[in-house]
Amino acid sequence: MYNLDGDYMQKNRYWHRLDNAAKIFPAISKKDRSNVFRLSFYLKDDIDPVYLNIAVNETLKRIQVFNVQLKNGIFWNFFSENKRIFKVEPEPSEICKFFKFNKNNGYLFKVYYLNNKITLETFHALTDGTGALHFLKSIVYKYLELCGYNVYHEGKILSEMPFSNKENEDSFVTNYNSKIKQKLTEEKAYHIKGDSFKDNWTLLFKIKVNTTDFKDVVKKYNVSLTEYVAALIGYSIYDEGVNVKVSKKPIKVFVPVNLRPYFNSYSLRNFSLYIKNTYDPQKEWTFEDMLTVAKSDFEQQLTKNNLHMRLGSLVGIEKNFLIRITPLFLKNIFFKIGYHILGESINTISLSNLGVLDLPDSLKDYVLDVDFVNTSNSLASTIISYNNTTNIIFTSAIKDLSIIKSFINQLKKDGLDITIETNYWEDYDEIL
């Protein structure tokens with residue numbers, strides 16, 4: 001058994017600045033907007049917390065991006081090496097709950113266990129979904145190895161690969177070109193409103209669909225799976241949103257795009273930008289009409305040039321001389337104002353698709369299912385696929401479930417058999 005009380009963590013001094021996407025999160029995060037997202041692997045057997053704890057600390061020795069603590073500088077926050085031992089915890093009932101880093105040995109992520117499930121919850125300043133998925137795959141691989149299972153990485157587990165400085169790269173700065181920019185102007189979006197659950201409790205709806213059948217449906221419409229889901233979310237909001245049809249504000253479905261394939265990046269830090277589908281709620285819409293708009297929006301916005309222009313504009317702001325010399329406490333005030341103007345107010349809902357989980361063949365016998373979960377102060381949605389099952393997950397901070405029901409009805413109308421899992425129980429009515 002490995003002694004966790006020993007001199008365990010890596011000794012090399014390590015620190016880095018927060019990337020462009022990360023800078024805003026320390027300033028705007030709070031109890032009702034945690035900016036924490038979740039990834040979970042369901043294994044064949046119940047989890048041994050002792051081996052899991054060793055697996056996390058072993059993995060932290062190799063993956064430096066997660067082995068940090070947040071520090072306050074004069075002008076910017078920064079990450080510095082964290083030499084404390086990380087401790088796993090039983091999974092709480094709350095999803096993606098805001099947590100204080102100083103009560104977590106300084107770490108900006110949590111690892112939970114519950115029955116056969118291992119869950120990683122990550123503060124978004126640390127990384128995005130792609131970076132977190134690499135980390136969790138490495139933890140699970142090490143855990144299975146410690147449990148004595150015969151596993152082989154097949155070049156798909158990052159912790160088993162030689163270290164590269166490209167993992168720690170701020171790819172926003174690396175790919176910044178001051179000549180490639182566009183104006184960042186956005187009109188305000190329609191917001192989903194309703195009575196909230198008490199104590200920032202979040203409802204989860206997991207919709208499981210056979211991936212082969214799903215692909216047949218989207219092929220019939222001549223769209224991608226992400227385009228289909230984005231359009232259906234837009235249509236469900238149009239169909240069931242409160243006062244949406246008299247609103248002058250458009251429905252906007254924001255979709256994060258992993259920039260790594262476009263810029264040949266291997267960074268484990270944040271490297272994604274949003275594209276969006278926009279729908280005027282005062283028009284008469286059919287689902288098919290929204291599919292046409294979604295496909296057109298994706299085709300226009302999903303080009304390297306358009307993504308590069310948005311990247312240039314965002315990095316250009318942080319490189320502005322006046323911004324750079326502004327003290328951190330004033331920057332934090334500006335971040336809060338800027339987020340309301342250029343973030344929260346312009347977005348109706350986000351849809352994040354992590355694609356197909358790619359595991360070594362030797363792990364597929366032990367990993368049964370996967371979750372990818374994001375939250376917001378209204379409604380959020382995610383997609384991840386594994387083992388010929390596509391999991392579409394909605395989280396809701398509000399009690400009105402009509403939009404989710406409308407979404408499910410269209411899936412059924414298109415002939416898809418679905419299975420639903422949720423954290424809701426009837427007796428919750430008494431407390432929520």
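These legends describe close-up views of a predicted model.

View 1. Lys-206 and Asp-369 meet in a salt bridge, with N and O 2.7 Å apart. Lys-206 is buried, because its relative accessibility is 1%. Asp-369 counts as buried at 11%, and Asp-371 counts as buried at 6%. A network of salt bridges links Lys-206, Lys-208, Asp-369, Asp-371 and Glu-421. Side chains of opposite charge can pair when their charged atoms come close.

**View 2. Lys-110 and Glu-89 form a salt bridge.** The closest N and O atoms of Lys-110 and Glu-89 are 2.7 Å apart. Lys-110 is in strand 6 (residues 109–114) and Glu-89 is in strand 5 (residues 89–90), so the pair ties together parts that are 21 residues apart in sequence. Lys-110 is buried, with a relative accessible area of 9%. Glu-89 is partly exposed, at 25%. The count for the model comes to 15 salt bridges.

**View 3. Asp-400 belongs to a negative surface patch.** The patch is formed by Asp-195, Asp-239, Glu-240 and Asp-400. Asp-400 lies in the loop between strand 14 (389–396) and helix 13 (402–413). Asp-400 is partly exposed, because its relative accessibility is 36%.

**View 4. Helix 13 has buried residues along it.** Helix 13 has 12 residues. From first C-alpha to last, helix 13 reaches 16 Å, close to the 16 Å expected at 1.5 Å a residue. Its buried residues include Ile-403, Ile-404, Phe-407, Ile-408 and Leu-411. Ser-402, Ser-406 and Gln-410 are buried as well. Just after helix 13, Gly-415 takes a positive phi of about 85°.

View 5. Leu-330, Ile-333 and Phe-334 make a patch of about 260 Å². Leu-330 is found in helix 11 (residues 328–342). Leu-330 counts as partly exposed at 31% relative accessibility. In an α-helix, residues three or four places apart point the same way, because there are 3.6 residues a turn.

View 6. Tyr-262 lies in helix 7 (residues 260–263). Tyr-262 is partly exposed, with a relative accessible area of 27%. The C-alpha atoms of Tyr-262 and Thr-303 are separated by 8.4 Å, and the two residues are 41 residues apart along the chain.

Definitions and conventions:
Residues numbered from 1 in each chain as written. Predicted model: local features only at pLDDT ≥ 70, side-chain atom pairs only at ≥ 80, totals over all residues. Heavy atoms only, no water. Patch = residues over 30% accessible without salt bridge, like charges linked within 9 Å, V, L, I, M, F, W, Y side chains within 5 Å. Areas by Shrake-Rupley, 256 points an atom, 1.4 Å probe, with all protein chains shown as cover. Salt bridge = Lys/Arg side-chain N within 4 Å of Asp/Glu carboxyl O. Lys, Arg positive; Asp, Glu negative; His and termini not counted. Charge placed at Lys NZ, Arg CZ, Asp CG, Glu CD. Helix = DSSP H or I, 4+ residues; strand = E, 2+ residues; numbered from the N terminus. Buried < 20%, exposed > 50% of the residue type's maximum accessible area, 1.4 Å probe, protein only. Expected span 1.5 Å × (residues − 1).
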